[in-house]
Amino acid sequence: MPLVSPPRIRRLLAALGVSLLVTTWSVPAHASTDVVDGPAAAYVGDYVQRHGLPGAAYAVVKDGEVVTAGGAGGASADTPMPVASVSKSITAFAVLQLVDSGLVELDGPVTDYLPSFSVGGTDPDDITVRMLLDHTSGLPNPMIVPATGDFAADVGHIAELTVASAPGQAYGYSNLNYWTLAYLVEVVSGESFDVYLQDEVFAPLGMHDTRSFVTAAGSEVFDEGHVTAYGTSLRIPELAGSVVGSGGVVSTARDMTSWLGMQQRGGTTAQGERLLSSALVKESHTVQPNAGTYGLGWQHTSTAEPPRVGHDGSLTRWSARVDLVPSSGYGVVVLLDSYTPTFQHPFEISTGLIELAEGRTPDPGAPTATIIDLTLAGLTIIVIVLGARGVLRARQWSASRTGLPVWRFVLRQLPQAVMPVLAAILFLGLTAGPDNPATPVDAFGLWPAATTLVLVAGVVGVLLITVRTVRWRRTGPSVRSVAPHRRG
């Protein structure tokens, strides 16, 4: 499968430095606030244009009421997008509903509800529901996991793994925790996980454009995302893998205001229907023992002012952020139809909207990710130039080594083999295996500017080794035996 077609490369190079057109959508404010549609739209639009993002959707709420919502680039407040790991707070909410109804004990063993649950290196009875929720279960977080599309089979694969730490002792973020929790909801409720969320969470909140999926292949929406590169973006399908419970919710910025508003109201809908006790809502926002800054599906942010409770989300082509600011009553959701390997754009946009809401003037900031990528582009060009120079000088290089024995000639070539080996590991090693859902395109999409550099350097290395070897062999054994030996 080709990594990227030549026409796409040409379009990419042509797109460098071209700004994205910005469009905005807004709703009337329903709360007394300093935030107005115009400043929020201008800020997000400026940010998207400056950082070369294809689109961004956003919304701000205050004390449960919508203040503003809109979009920039190719997105609006009504554009469905995967919310990625923000889904974990929704999965946690579903589990806590079962706790609220007495069907699940928060500190009960997972095996009470999933008797077949198992993992190597520990007694599975030692892992509690709370430990899964706050990521202290010790379950590992492998980069590539086979995606069967069968919920029970996916959780069953955990038995083939070994814990990274003793249960309850240390924080270790793992999607496997939330796969297991989603399966627990399904088993205990007797409904499929997506139906449960629809009936017990999304429908009561009026989140009519929100759904949950088991795999990234479950909806065409997942294939409409992008990865940023060189100040623009490439549209690449999402990695085909299991996302249920951990990152499978697709929603809109508008729908997510209902989710944030319910959290701010302590578990009730705008119409007053209680979906979860205020005590458990508060517990979900509270940092848990040995869990670092993590609660139950939510995480405290200590690196920004004012302090907030929220969650980041990222797939390989999408990214998101939700924030609740207890000190001011504001909440923010940011959804991007792109993923940037070197920068957390949703967090920065959310921070800017919070600053705007609190009367400050946010700065869209320097395009750090673009600068990094363009630096890598410069290095890629240098590699190409040096490679061309090496090919042109291959005859002279080989002639100066005509007296070397074969083994020493091979050793002289080894430095050129480093990048081809690295490229092979990246594009072949990461995609090998019959159950591996990753493709070479997925490997390329990890960080296009960096993977392009590795690929180009790999090709240059192979080319230099080949040309030098051919030139050296043409001298023939008899010529090499009498040729003067030049060191170096």
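Ile158 is buried, with a relative accessible area of 1% (buried means under 20% relative accessible area, exposed over 50%, and partly exposed in between, with a 1.4 Å probe and protein chains only). The structure is a predicted model, in which local features need pLDDT of at least 70, side-chain atom pairs count only at pLDDT 80 or more, and totals for chains, interfaces and linings use all residues. Residues are numbered from 1 along each chain as its sequence is written, and side-chain values use heavy atoms, with hydrogens and water left out.

Ile158 sits in the loop between α5 (151-156) and α6 (175-189); helices (H or I, at least four residues) and strands (E, at least two) are DSSP runs, numbered from the N terminus. Apart from residues up to four places away in sequence, Ile158 touches Phe117, Ser118, Val119, Leu139, Leu176 and Thr180, where contact means heavy atoms within 4.5 Å.

For the protein chain as a whole, the secondary structure comes to 16 helices and 12 strands. Of its 488 residues, 52% are buried. Taking contacts between residues at least 6 apart in sequence, 71% join residues at least 24 apart. The chain exposes about 20,500 Å², and carbon and sulfur atoms supply 59% of that area; accessible areas come from the Shrake-Rupley method with a 1.4 Å probe, and for residues only the protein chains shown count as cover.

Gly331 belongs to strand β11 (residues 330-336). Leaving aside residues up to four places away in sequence, Gly331 touches Ala59, Val60, Val61, Leu260, Gln264, Asp323 and Leu324. The C-alpha atoms of Gly331 and Val67 are separated by 9.6 Å, although these residues are 264 apart along the chain.

Next come the helix pairs. Two packed helices are described by the angle between their axes and the distance between the axes. Helix α3 (residues 87-100) and helix α7 (residues 193-205) have axes that come within 11 Å and cross at roughly 80°; axes are lines fitted to C-alpha atoms, for helices over the stretch in contact, and angles run from 0 to 180 degrees between N-to-C directions. That makes α3 roughly perpendicular to α7 (angles under 35 degrees count as roughly parallel, over 145 as roughly antiparallel, 65 to 115 as roughly perpendicular and the rest as oblique). On the α3 side, Ile90, Thr91, Phe93, Ala94, Gln97 and Leu98 meet Phe193, Tyr196, Leu197, Glu200, Val201 and Phe202 of α7. The residues of this contact divide into nine nonpolar, two polar and one charged; Ala, Val, Leu, Ile, Met, Phe, Trp, Tyr, Cys and Pro count as nonpolar, Asp, Glu, Lys and Arg as charged, and the others, Gly among them, as polar.

Helix α11 (residues 368-392) and helix α15 (residues 448-474) pack at an angle of about 5°, with their axes 9 Å apart. The two helices are therefore roughly parallel to each other. The α11 residues in the contact include Leu376, Leu379, Val383 and Gly387, and those of α15 include Leu453, Val456, Val460 and Leu464. In this contact of α11 with α15, the residues divide into 14 nonpolar, four polar and one charged.

An unreviewed UniProt entry lists residues 371-392, 413-432 and 444-465 under "transmembrane region"; UniProt positions are given in the numbering used here, feature names are shortened, and annotations may be inferred rather than shown by experiment. In the model, residues 413-432 are 75% helix and 0% strand, with end C-alpha atoms 27 Å apart. Residues 444-465 are 91% helix and 0% strand, and their end C-alpha atoms are 24 Å apart.

Asp63 has a phi near 50°, a positive value in a residue other than glycine. Asp63 lies in the loop between β1 (55-62) and β2 (65-73) and is exposed, with a relative accessible area of 53%. Asn290, another residue other than glycine, has a positive phi near 65°. The loop between α9 (278-284) and β8 (299-301) holds Asn290, which counts as partly exposed at 47% relative accessibility. Within helix α9 itself is Ala279, exposed at 53% relative accessibility.
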